[in-house]
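Trainee: May we go through this structure together? I would like to learn how to read it.

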Amino acid sequence: MNDAYSEVYGLSEGDIGKNIYAQRSEKISEQCIRNNQQVFRSGIPLHSVEYIRDTKGETRIYHVTKFPIESRDGEQLIGGVSLDMTDKINADQKLRQALERF
C-alpha cells in the first residue's frame, strides 16, 4: 500500500490484513473481490476503470490493472497498479465542451 492509496482510502499500516468490507462499501468490496477472482481463474491481467469516492467525498477516476503473481513460496497472489485519470478526464471533458461552444 503506497501513500497515494492510503490517502484515497483513508487507510494506515494498521489496516493491512483487515477484511475489505471493514474498509470500503459493500458494492466496491464485492466488485474488488469479483475482479480478484477473475484474475485468479483466468491467470491473465484485468483492466478496469473504477470510480472511487475519496475521504474528501470527491469522486476519483482510476484505470486499474490487476495481474497474477507468484510468491517465492509458490503462493498465487494478485498485484495491481492504479493510475489516477481524474484530472485528464476532467480536462478532456472541459475541452470538448469548449469546442462545442466554439
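Predicted model: local features only at pLDDT ≥ 70, side-chain atom pairs only at ≥ 80, totals over all residues.

Trainee: Which of them gives the largest share of the lining?

Mentor: That is H2, with 8 residues.

Trainee: And which residues lie nearest the centre of the pocket?

Mentor: Of the 41 residues that line the largest pocket, Tyr5, Tyr9, Arg24, Cys32 and Ser82 lie nearest its centre.

Trainee: How does the lining divide into nonpolar, polar and charged residues?

Mentor: The lining has 18 nonpolar, 9 polar and 14 charged residues.

Trainee: Now the core. Which residues make up the largest nonpolar core?

Mentor: The largest nonpolar core consists of 6 residues, namely Val8, Tyr9, Leu11, Ile52, Tyr62 and Val64. At least two residues of this core come from helix H1 (3–9), and at least two come from strand S2 (59–70). In soluble globular proteins, nonpolar side chains tend to be buried together.

Trainee: Let us turn to Thr65. Where is it placed, and is it buried or exposed?

Mentor: Thr65 lies in strand S2. Thr65 counts as buried because its relative accessibility is 16%, and buried means under 20%.

Trainee: Which side chain does Thr65 join in a polar contact?

Mentor: The side chain of Thr65 makes a polar contact of 3.0 Å with the side chain of His47. Leaving aside neighbours within four places in sequence, Thr65 is in contact with several residues, among them Pro45, Leu46, Gly79 and Val81.

Trainee: What about Lys66? Is Lys66 buried or exposed?

Mentor: Lys66 is also part of strand S2. With a relative accessibility of 11%, Lys66 counts as buried.

Trainee: Which side chain is joined to Lys66 by a polar contact?

Mentor: The side chain of Asn36 is joined to that of Lys66 by a polar contact of 2.9 Å. With neighbours within four places in sequence left aside, the contacts of Lys66 include Cys32, Asn35, Val39 and Ile78.

Trainee: One last point. How many residues separate Lys66 and Ser25 in sequence, and what is their distance in space?

Mentor: Lys66 and Ser25 are 41 residues apart in sequence, and their C-alpha atoms are 20 Å apart in space.

Terms used: Residues numbered from 1 in each chain as written. Heavy atoms only, no water. Core = buried A, V, L, I, M, F, W, Y, C linked by side-chain atoms within 4.5 Å. Buried < 20%, exposed > 50% of the residue type's maximum accessible area, 1.4 Å probe, protein only. Helix = DSSP H or I, 4+ residues; strand = E, 2+ residues; numbered from the N terminus. Polar contact = N/O pair within 3.5 Å; in protein donor to acceptor, adjacent residues only side chain to side chain. Contact = heavy atoms within 4.5 Å. 1 Å grid on protein atoms, 1.4 Å probe; cavity = no way out; pocket = protein on both sides within 12 Å on 5 of 7 lines; lining within 4 Å. Nonpolar A, V, L, I, M, F, W, Y, C, P; charged D, E, K, R; others polar.
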